[in-house]
Each structure stands twice: as structure tokens, then as C-alpha cells.
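Here's a quick briefing to get you oriented. Take a look at the structure first, then follow the notes below.

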Amino acid sequence: MFEDDKGLQAVISRFDLAPAAMLGYGGEAVVFALDDERVLRILWEGAEPAVLRARQALVDELAAGGAPFSLPGLDKVGEIDGRWYAIERRLRGRPVAEVLATLSGRERDLLVERYMETTAALGDLPLAPRPYWGELIGQRAVRAQTWGTYLRVRAAHSLQAAGLLVPGDGPERLARELAAALPGTEDACFVHLDAFTGNVLAVGTDITAVIDISVTAVAGDRRLDPLSAAVYLAAPQITPAATPRDIDVAMSWLRAAALEQWLPPARDWLAAFWSFAVPDRKLHEWCRGILNGRGLSG
């Protein structure tokens, strides 16, 4: 995999990594296990090391209050043949997506409940006030003076980047509709936005870590993380291991938290948000499926 990416292969060769060492990849990097204590995150071509340092500064801020789960830790940033990489501490546990497949009955229900509780607790992590709403790091961070404006502008940017066209005034009309359907808030908290079951680690039924805090993280409405967790769990393209029972457990949690009514608009906005991820075929397929029927083309 990635044989044509010469920069990536140069880093892999320098660290003498076997294919089996790859832990996964996403929109920012591909990740390999170096040993039991460390992982190697190799950024895609064109990424800047400033993002790594900004990401770690954000994680340090969030961890200052003593998080109930582990957060990523950066040990070293380096560069080989123009490709940047980071060596990070390897955190205990396996992705919830994998652990789910090993559990059944009440234990499986309990893991789903704790996954939902953890995503809700992300909003408790300490985040200093920002003079904006929106993305916390990144060279092309989208920010606005209100939460609703951020939701609208971000959705429009993603739809445009994906080439998804809406008759009339382009993506702006759909973006306005999606943003207006979500609740407003005056309380800006940390929102991970990518806390799907692959980015939350567990040992048995205990959540041990939340990883991949990166350019999707925003200052915004904390309710969006547990809502997105349920959305991602219910999407077979994102969490193929989830069962109808898992989804029922997550929905029960949302009902108890008085969040169920916001699930459909959150799902629709998230589909617009992630629509920029065209190379991720399964994710993009999910986005198109959710947004289908709204006059999209392209």
C-alpha cells in the first residue's frame, strides 16, 4: 500500500518498518507502531510540521486539568527527504471498533455506553476562551464570530471542495439550511468532531484513551461530540462492526441526555462537513447517501 508515495516510502525505509506495523491512516497521516511504547505518524505530502506542534500545544492545554482518559503525547518531530513525521507515545488499549467485536451481551452494551459517556466528557476538557468559534488548529482553519456562522461557512466550504453542486446559489443554500437546523449555544467548549470508534481506545469495557485530536477539533457546542458518536456508530461505512443493538444502546443514551431530537440535523451537517474527504471512498459514499435528495449533483 502507498508504494507510489516516494516520500512515505523513504520514511518507512529509514525506520525499517514492516507492512504489519501499520496501525491505520486518515486525512492527516499514516500511523505505524515503532514498538510497544511509541508510534510513528507520517504526514501526507504537503503537510507542515507547524500542525504537529500546534496539535500538541492543544493536547497539552486539554490535559492540564487531568483528563479521565489518556491523550496523545508528542516526543519528537523530524523530517526525511522532505516528508515530516512525529514520534508519539503509544497509548494503552485498542480501538473501540475492534474491542466491540470481542464482546457480547451486557459487556458490549456497557462499552457502547462508556463510549458515549466519553465523547460527552470531551466537552469538560479545559479550553481557554478563544476570540472565535471554529477550528482550533490548521493553516486553513475556518473560524467565525458565532457558532451558527461557523456551521454554515464550514458546510459550504466542504461541499464546494467536494464538488457537490446545488442548483441556484451553489452550496450556500444547503449550508444555511443545515446550520439553521442545529441548536445555538453561547458556551464554547472543546469539540473533537472525529471521535468515532477508531479514535477511542479501550481495554475490555474501560475507555483508556482518545486519540487523533487534530485539525477537525473546534471551539463549539459540546453536544456535537456525543451526537456525532451516535451518527458514526450508526453508519456502516464508518463503523461496520456496529450492530442494531449497539445503535439502540447509543440512542437510549441520547434520549436520557435529552439529545435525541438533534441527531438528524447533526447527521446531515456532519455529512456536509466530511464531504471534502473525497479520497476516503467509504466515508464519501456515506456523505453522498445522507445528502442525496437535496438537489446535489457532481
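**Around A33**

Leaving out residues up to four places away in sequence, A33 touches L17, A21, L23, R38, V39 and R90. Keep in mind that this is a predicted model.

**More on A33**

- You'll find A33 in strand β2, which covers residues 29-33.
- Is A33 buried or exposed? Its relative accessibility is 14%, and buried means under 20%, so A33 counts as buried.
- A33 and R89 sit 56 residues apart in sequence, while their C-alpha atoms are 10.0 Å apart in space.

- Strand β12 (residues 218-220) and β9 pair in the antiparallel sense, over three bridges.
- Look for V191, which stands opposite V218 in β12.

**α5 against α6**

- Helix α5 (residues 147-162) packs with helix α6 (residues 171-180) at an angle of about 140°, and their axes are 8 Å apart.
- That angle makes α5 oblique to α6.
- The crossing in which α5 passes α6 is right-handed.
- On the α5 side, the contact is made by G148, L151, R152, A155, A156, L159 and Q160. On the α6 side, it's P171, E172, L174, A175, R176 and A179.
- What kinds of residues make up this contact of α5 with α6? They divide into eight nonpolar, two polar and three charged.

**α5 against α9**

- Helix α9 (residues 263-274) is another partner of α5: their axes come within 7 Å and cross at roughly 50°.
- Here too, the angle makes α5 oblique, this time to α9.
- Y150, L151, R154, A155, S158 and L159 of α5 make the contact, together with W269, A272 and F273 of α9.
- By type, the residues of the contact of α5 with α9 are seven nonpolar, one polar and one charged.

Technical notes
Residues numbered from 1 in each chain as written. Predicted model: local features only at pLDDT ≥ 70, side-chain atom pairs only at ≥ 80, totals over all residues. Heavy atoms only, no water. Axes fitted to C-alpha atoms, helices over the stretch in contact; angles between N-to-C directions. Helix = DSSP H or I, 4+ residues; strand = E, 2+ residues; numbered from the N terminus. Parallel < 35°, antiparallel > 145°, perpendicular 65-115°, else oblique. Left-handed = near helix turned anticlockwise from the far one by under 90°. Contact = heavy atoms within 4.5 Å. Nonpolar A, V, L, I, M, F, W, Y, C, P; charged D, E, K, R; others polar. Pairing = 2+ DSSP bridges. Buried < 20%, exposed > 50% of the residue type's maximum accessible area, 1.4 Å probe, protein only.
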